[in-house]
Structure formats: structure tokens, C-alpha cells
Amino acid sequence: MLYNESMEKISIAVIGGGASGLMLVNALAEYNLTAATPLPKTVVFERGDRVGKKLSSTGNGQGNITNSAVLDAEYFSSERTTEQKIAAILRAYDEEDMRAFWLRRGVLLIYDERGRAYPAGRQASALTDALRFYATEKGVELRTSAYVTDLKRMDGGFVLTYSKDGETHTCFAENVVLSVGGKAAKNFGTDGTSYALAQKFGHTCTPLYPSLVQLKTDTAHIKTLKGIRVNDGILTAKTPSGTYTVRGDIIFTDYGVSGDAVFRISAFIAQTIATGKVTLSIDFLPEYTQDELRNVLSAKRNAYTSLDNSELLFGVVNNQIGRAVMKRAAGDFDSAAALMKDFTLLVTGSLGFDYAQVTKGGVPLSETDEMLRSRFTDGLYMTGEVLDVDGQCGGFNLQWAYSSACTVAAALAEKYQKNGKGRDTV
Ligand SMILES: Cc1cc2nc3c(=O)[nH]c(=O)nc-3n(C[C@H](O)[C@H](O)[C@H](O)COP(=O)(O)OP(=O)(O)OC[C@H]3O[C@@H](n4cnc5c(N)ncnc54)[C@H](O)[C@@H]3O)c2cc1C
């Protein structure tokens with residue numbers, strides 16, 4: 001469809017009403033609070049029937065929005081050379097800046113012992129509500145059930161094609177922001193098809209991997225453990241390229257392992273799972289040494305003469321785990337004590353994109369400038385997970401959504417703001 005005069009004209013079309021798209025229009029609105037600089041016509045196109053569905057489900061519905069350790073944490077990207085660029089974007093709009101942003105939206109953050117920040121009401125939906133109310137208040141249109149299927153470059157902008165209510169529509173947009181997310185959790189509208197919108201302008205996409213996801217393992221030694229949780233175990237992943245360790249909850253399942261520690265470690269091994277051999281090792285009792293466990297077993301053998309060896313780990317670990325350990329050790333106490341500290345499982349895969357929280361990979365950051373403007377097409381910008389940047393579990397991905405959104409908002413504000421007033425952060 002070519003441009004015609006009667007077409008709807010938009011200054012800024014944001015494709016994707018998820019975390020970064022909504023944060024972007026909020027940040028943008030903060031630059032334009034006077035009548036002299038009204039917000040240029042801004043429309044968010046969201047394929048779902050509501051904006052922010054994924055955001056409202058984050059952090060188990062409690063919304064783990066950032067983390068006090070953002071600036072110390074490792075972020076991942078296929079390109080080692082972009083580390084500094086990621087760090088600069090996170091530094092410019094860091095966790096403190098984000099806390100102030102939420103305060104301006106009337107949302108107070110509270111932090112847990114791992115530095116994870118949540119809205120004080122512990123409802124992720126409050127984050128979405130704050131963002132959509134403010135956006136609407138400032139004149140941003142949130143156009144839902146609007147699925148953008150095509151983008152074409154025209155003089156001074158783009159012709160955007162979208163379907164809504166069974167009909168195809170077109171409009172003209174001076175600027176387009178791709179806030180379309182990645183390929184993880186397709187039930188939230190992110191099925192990976194929207195990378196194609198970037199590819200229309202010569203952008204590429206690195207290989208994609210599911211991250212923050214449950215892991216499949218060999219199940220020979222855990223068949224009886226389905227549903228059992230190890231509270232506060234140490235989980236180590238050994239890969240050909242390195243060893244990673246986290247501490248937290250591990251839950252046995254019929255396919256392998258899940259739980260907080262598993263999600264966290266998956267961020268470090270997502271790529272290696274697909275290409276190499278990864279072994280997990282569980283330390284069931286970090287507080288006790290192998291020798292201490294060996295001694296407990298010997299003492300119990302003497303104290304409970306009629307008890308079968310398979311039962312001797314009662315009171316030490318969950319009974320089912322105790323039986324599984326003793327079975328694997330074939331009743332040998334030295335082996336059993338060793339297994340309690342190093343229960344290995346071969347990783348055979350992950351539950352994949354449908355169950356993953358985050359996509360590893362995306363449009364290379366090097367294809368954008370320091371303000372996340374496309375290096376290939378004027379007027380095209382990108383925020384959030386569509387880019388080849390992902391973070392660990394704990395609020396780091398929503399922080400990236402925020403920092404990247406604020407970066408693009410600053411670039412757009414510079415373009416539109418006439419009085420040079422800057423962002424209104426009062
Ligand atoms: C269950 C779950 C829990 C999570 N919990 C946390 C957490 O606690 N803390 C944390 O930091 N991160 C968490 N994450 C990750 C975090 O939610 C994402 O990294 C973040 O939402 C990415 O923001 P985004 O704007 O890039 O994409 P998204 O939030 O995924 O938004 C993209 C939006 O674009 C829309 N869209 C896509 N293509 C089109 C198109 N062509 N036309 C119109 N609309 C389109 C989609 O429908 C979607 O609404 C979680 C993820 C999941 C799935």
C-alpha cells in the first residue's frame with residue numbers, strides 16, 4: 001500500500017504495548033508537559049486485547065521490576081564488543097532512576113534480601129495500570145488488538161499495515177519504535193514473528209535461545225522425586241566453557257528440574273545446552289561437609305540396627321531424596337555422602353521458548369547507535385527484548401526494558417522538543 005493523503009498520520013508509532021513500549025511512551029510524555037510542546041501524536045499498537053499482559057504476570061504476579069545490583073550484574077549479548085554500550089545505557093537510566101520514575105507514577109518499590117524490587121502492593125498489574133493510565137492521561141493512544149504485519153519506508157516516514165477487528169488498515173508514521181519483544185512466552189504475543197519487521201530494513205537476528213527456563217535432564221535417578229523441592233540447595237552447572245553456581249530452590253519434575261535456582265542458572269548455560277554437554281550438580285546440604293554426612297550415616301547405622309540402609313537419611317533430607325541417593329549409591333555410605341554434595345544430572349535440553357521467560361539473542365546492538373536508533377533506517381528505533389541483550393533472573397530484564405525505553409525516549413524528545421526543557425522529573 002502506498003502513501004496517500006487521506007491516510008492517518010502519526011508522529012510516533014510504537015509497535016508493542018509490553019513493558020518497554022509502555023515505559024517508552026511514559027518517559028516520552030515526561031518531556032512534553034507544557035502546552036508549548038504537546039506530545040506528538042503517539043500510538044501504541046498492541047496485538048493483544050490488552051496492553052502489558054506479560055508485565056502484569058512478571059515475578060509470579062508480584063512484578064520484580066528491577067534489582068539493586070543492576071550496575072554490577074552481568075548482561076548477556078552475542079557481541080562482546082557491545083558490553084560498554086549496554087553498561088552505558090543501564091548507567092544512564094539505572095535502578096535509582098527507575099525508582100524515581102515509579103515514584104512519579106505513584107508506585108513505591110520495596111526490596112527483598114536479594115535486592116529484588118517489587119511494587120509495595122506486590123501486584124505486577126499495578127505497574128501496568130500506572131503506565132497505561134499515565135500514557136492515556138498524556139494523550140497517548142493505546143490501540144489494542146492491532147497486529148502490525150508490515151512496514152515500508154516512505155519519504156519522511158513509514159507506511160504501517162496492521163490488522164484490527166478482521167480488517168487491514170494502513171497509516172503513516174514519521175517514526176517507528178520496535179518494542180515487539182522476543183520469542184519467549186508466546187502466549188503473551190511474543191512468538192518471534194516480529195523480528196521480521198526489523199529484517200525488512202536490513203537488520204539481522206542472532207541465533208535465539210530460550211533463557212530463564214526449566215531444564216530437562218536425564219531422569220534415571222530422579223523418577224521418584226517429582227514435585228519434591230530442595231530448599232536452598234547449591235546448584236552448579238559444568239559446561240565446556242565454564243562452571244556456574246547459584247544457591248536457591250530446586251524442584252524435581254518429571255522432565256528434570258525447575259525452581260528459582262534452575263531459572264537463574266539457565267541464563268548462563270542457555271546457549272551451551274544447545275551446542276555442548278552440560279552437567280548439573282546439586283549440593284543438597286551446603287551447611288554440612290561430606291565427612292559430617294558420612295559420620296551421620298555410620299552413627300545411624302549403629303543406632304537403628306533394624307532400619308534398611310535406604311531409610312537412613314531420614315531427618316537429613318526429604319525421605320524420598322534420601323532413598324534416591326541411597327539407591328544411586330547402592331547402599332555405600334561413602335558414595336551416598338558424596339552424592340549428597342554432588343548429585344549430578346546430565347542436561348538434555350530445556351522446556352523451550354513457550355516456557356522461557358526471556359529470549360537470548362535478537363537484533364545485534366551494533367546495528368543501532370548509542371541512542372538505539374537503527375543504523376540502517378532513519379526514524380527506526382528499538383527497545384527491550386527484541387535486541388540482542390538479556391539479563392539474569394531477578395528484575396534485570398525489566399530494567400533493560402526501562403533503560404532502553406528511556407534511551408529511545410530521549411532520542412525522540414530531542415527530535416520533537418522545541419523549547420529544550422528536558423525531561424520533567426519533578
Ligand atoms: C512469566 C514471565 C515472568 C517474568 N518475570 C520477570 C520479572 O519478574 N522480572 C524481570 O525483569 N523480567 C521478567 N520477565 C521478562 C520480562 O517480562 C521481559 O523481558 C520484558 O517484558 C520485555 O519487554 P519488551 O517490551 O521488550 O517485550 P514484551 O513485554 O514481551 O512486549 C512485547 C509486546 O509486543 C506485542 N507485539 C509483538 N509483535 C507485535 C506486532 N507485530 N504488532 C503489535 N504488537 C506486537 C506483544 O503482544 C507484546 O505485548 C518475565 C517474563 C515472563 C514471560
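Modeller: A residue is called buried when its relative accessible area is under 20%, exposed when it is over 50%, and partly exposed in between. With that cut-off, glutamate 30 is buried, because its relative accessible area is 1%. The model is a predicted one.

The structure holds 25 salt bridges. Glutamate 30 takes part in one of them, its side chain meeting that of arginine 104 at 2.7 Å, N to O. Glutamate 30 sits in the loop between α1 (19-29) and β2 (42-45), while arginine 104 belongs to helix α4 (residues 95-104), so the bridge ties together parts that are 74 residues apart in sequence. Arginine 104 has a relative accessibility of 21% and therefore counts as partly exposed.

Aspartate 191 and arginine 47 form another salt bridge, at 3.3 Å from N to O. This pair links distant parts of the chain, 144 residues apart: aspartate 191 is in the loop between β9 (167-178) and α6 (195-199), and arginine 47 is in the loop between β2 and α2 (53-57). Aspartate 191 is partly exposed, with a relative accessible area of 27%. Arginine 47 is partly exposed too, at 30%.

A further bridge connects aspartate 249 and arginine 229, with 3.1 Å between N and O. Here the partners lie in strands: aspartate 249 in β13 (residues 242-252) and arginine 229 in β12 (residues 229-239), so parts 20 residues apart in sequence are tied together. Aspartate 249 has a relative accessible area of 22% and is partly exposed. Arginine 229 is also partly exposed, at 43%.

Salt bridges also occur as a network, which links Glu8, Lys41, Glu141 and Arg143.

The strands β12 and β13 come up again around helix α9 (residues 319-328). The buried residues of α9 are Ile321, Gly322, Ala324, Val325 and Met326, and they pack against β12 and β13, as well as α8 (290-303), α10 (333-341) and β16 (343-350). Just after α9, alanine 330 has a positive phi of about 50°.

The domain assignment gives domain 1 as 8-209 + 362-416 and domain 2 as 215-350. Their centres, taken over C-alpha atoms, are 40 Å apart, and the contact takes 8 residues from domain 1 and 8 residues from domain 2. The area buried between the two domains is about 690 Å², with carbon and sulfur atoms giving 67% of that area. On the side of domain 1, Arg114, Tyr209 and Cys393 lose the most area to domain 2, together 66% of what that side buries.

Between domain 1 and domain 2 the count is 1 salt bridge. Aspartate 260 and arginine 114 form a salt bridge in which the closest N and O atoms are 3.2 Å apart. The residues on the side of domain 1 that touches domain 2 divide into 3 nonpolar, 2 polar and 3 charged.

Key:
Residues numbered from 1 in each chain as written. Predicted model: local features only at pLDDT ≥ 70, side-chain atom pairs only at ≥ 80, totals over all residues. Heavy atoms only, no water. Domains from an automatic or database assignment. Contact = heavy atoms within 4.5 Å. Buried area = accessible area lost by both parts, 1.4 Å probe. Salt bridge = Lys/Arg side-chain N within 4 Å of Asp/Glu carboxyl O. Nonpolar A, V, L, I, M, F, W, Y, C, P; charged D, E, K, R; others polar. Helix = DSSP H or I, 4+ residues; strand = E, 2+ residues; numbered from the N terminus. Buried < 20%, exposed > 50% of the residue type's maximum accessible area, 1.4 Å probe, protein only.
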